[in-house]
Each structure stands twice: as C-alpha cells, then as structure tokens.
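The sequence and structure come first, and the description follows.

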Amino acid sequence: MRKLLVAGFMVGAALAGCAGCTAHDDGPKAARSAQAPETATGTLEQLAQKAGCTPDIQTDAAELRQANCGDRSGRYVLATFATDRGQAEWLDAADDYGGTYLVGRKWIAVGTDRVVTELRGRLGGTVERSSSHHSGSSGGGGHEEGASTEGHTGHH
C-alpha cells in the first residue's frame, strides 16, 4: 500500500512540477534570504493556509493526506503524515525518484527548486534535494540547505 501511495504522490509531484515549469519567473524575488521562519506545524489545511493555497485533496488516508496546491509561484504537492516513522519511510522510498522536498515535522512539500524555496519562506523547514541514487548512508539521503534542526531529525 505504501509503495502505491508513494508512486501516486510522485506522479502528482511530477505533474505539479511540470505545471510549474511554465509559470512566469519573477526573477530575484524567488531567491529568498537564507533565514526562514520557524518550521510550521498543523493539519494539511492549516499548512496549506500558511503556504497561501487552497488544497485540492488527492489522498485522505489515516497515515497520509496529500493535496495539490498552486499559487503565483507555481504548483506543488503538500503531504502530511500521521507519524514521524511514516514520514521517514515515505522520504526514504521517495529518494529513489529524486526531487526537491521541503521537510517539516510530519509534513513534506514537493515541487520545483524555485517553488520549494518560496514555500520555505512561508513554512520554514529544511530543503532536501535527492538524486535517483539513494546512498543509504548516514540517513541523510539528500543535500540540506539552511538546515534547521527544528522539527527534523533525519530519516531514521
């Protein structure tokens, strides 16, 4: 079941990322300062509100809730998890697909680099980029930018 949810999430993320590819880039405004707000917490709807979107719920399961979002910055997928372990397992599986993720405690946003950078300015969190070749070492999996230890302790 989890692999189906991850695969569905990644297809949605790819579509969201491609839709964002045609969005107009406003240039330097997309590059926010390295300072991000405290990492947001809350339900999918609360996080979406903080991000400035009206969520289009795609998955509403006990362990994972997922929505497509979009605004002037582009499109992205936002997901919340019932447990830290569920989030870590999902992120480990998603590393095989590559991508850019904004990671908070029990939530992840997936989109283009530009969109994730914009979201970080609203939601806080840690930006992680993974290749499609997961190293499996040290639990890092990706490269972290502006790493904030608040709400994110790695992938274990």
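Cysteine 69 is buried, with a relative accessible area of 1%; buried means under 20% relative accessible area, exposed over 50%, and partly exposed in between, with a 1.4 Å probe and protein chains only. The model is predicted: local features need pLDDT of at least 70, side-chain atom pairs count only at pLDDT 80 or more, and totals for chains, interfaces and linings use all residues. Residues are numbered from 1 along each chain as its sequence is written, and side-chain values use heavy atoms, with hydrogens and water left out.

**Disulfide**

Cysteine 69 is joined to cysteine 53 by a disulfide, with an S to S distance of 2.2 Å; the term stands for a pair of cysteine sulfur atoms within 2.5 Å. The two cysteines are 16 residues apart and link distant parts of the chain, with cysteine 53 in the loop between helix 2 and strand 1 (56–60) and cysteine 69 in strand 2. Cysteine 53 is also buried, at a relative accessible area of 9%. A search of the whole structure finds 1 disulfide.

**Overall fold**

The protein has 4 helices and 7 strands, and along the sequence they follow the pattern α-α-β-β-β-α-β-β-α-β-β. Helices (H or I, at least four residues) and strands (E, at least two) are DSSP runs, numbered from the N terminus. Of the 156 residues in the protein, 42% are buried. Among contacts with a separation of 6 or more, 55% are between residues 24 or more positions apart; a contact means heavy atoms within 4.5 Å.

Helix 2 spans residues 44–51, and its residues Leu44, Leu47, Ala48 and Ala51 are buried. Seen down the axis of helix 2, the buried residues fall within an arc of 100°, so they line one face of the helix. The arc is taken from the directions from the helix axis to the C-beta atoms. Just after helix 2, glycine 52 takes a positive phi of about 85°.

Valine 77 lies in strand 3 and is buried, at 0% relative accessibility. Its C-alpha atom is separated by 9.0 Å from that of proline 55, 22 residues apart along the chain.

**Nonpolar cores**

The largest nonpolar core has 18 residues, and those with the most contacts inside it are Leu47, Tyr76, Leu78, Leu102, Trp107, Leu119 and Leu123. Helix 2, strand 2 (64–71), strand 3 (74–81), strand 5 and helix 4 each supply at least two residues of this core. Apart from it lies another core, of 10 residues, among them Tyr101, Val103, Ile108 and Val110. Such a core is a set of buried Ala, Val, Leu, Ile, Met, Phe, Trp, Tyr and Cys residues joined through side-chain atoms within 4.5 Å. In soluble globular proteins, nonpolar side chains tend to be buried together.

Not counting residues up to four places away in sequence, leucine 102 touches Trp107, Ile108, Ala109, Val116, Leu119, Arg120, Leu123, Gly124, Gly125, Thr126 and Val127.

**Strands 4 and 6**

Strand 4 and strand 6 pair in the antiparallel sense over 5 bridges; two strands pair if DSSP finds at least two bridges between them. Glycine 99 stands opposite serine 130 in strand 6.

**Salt bridges**

The structure holds 6 salt bridges, each a side-chain nitrogen of Lys or Arg within 4 Å of a carboxyl oxygen of Asp or Glu. The table gives some of them.

| aspartate 60 | arginine 65 | 2.8 Å |

Aspartate 113, in helix 4 (residues 113–123), and arginine 129, in strand 6 (residues 126–130), are 16 residues apart, and the pair links distant parts of the chain. Aspartate 113 is partly exposed, at a relative accessible area of 37%, and arginine 129 is partly exposed at 23%.

Aspartate 84 lies in helix 3 (residues 84–94) and arginine 105 in the loop between strand 4 (99–104) and strand 5 (107–111), so the pair ties together parts that are 21 residues apart in sequence. Aspartate 84 is partly exposed, with a relative accessible area of 34%, and arginine 105 is partly exposed at 43% relative accessibility.

Glu45, Asp60 and Arg65 are linked in a network of salt bridges. Aspartate 60 is exposed, with a relative accessible area of 58%.
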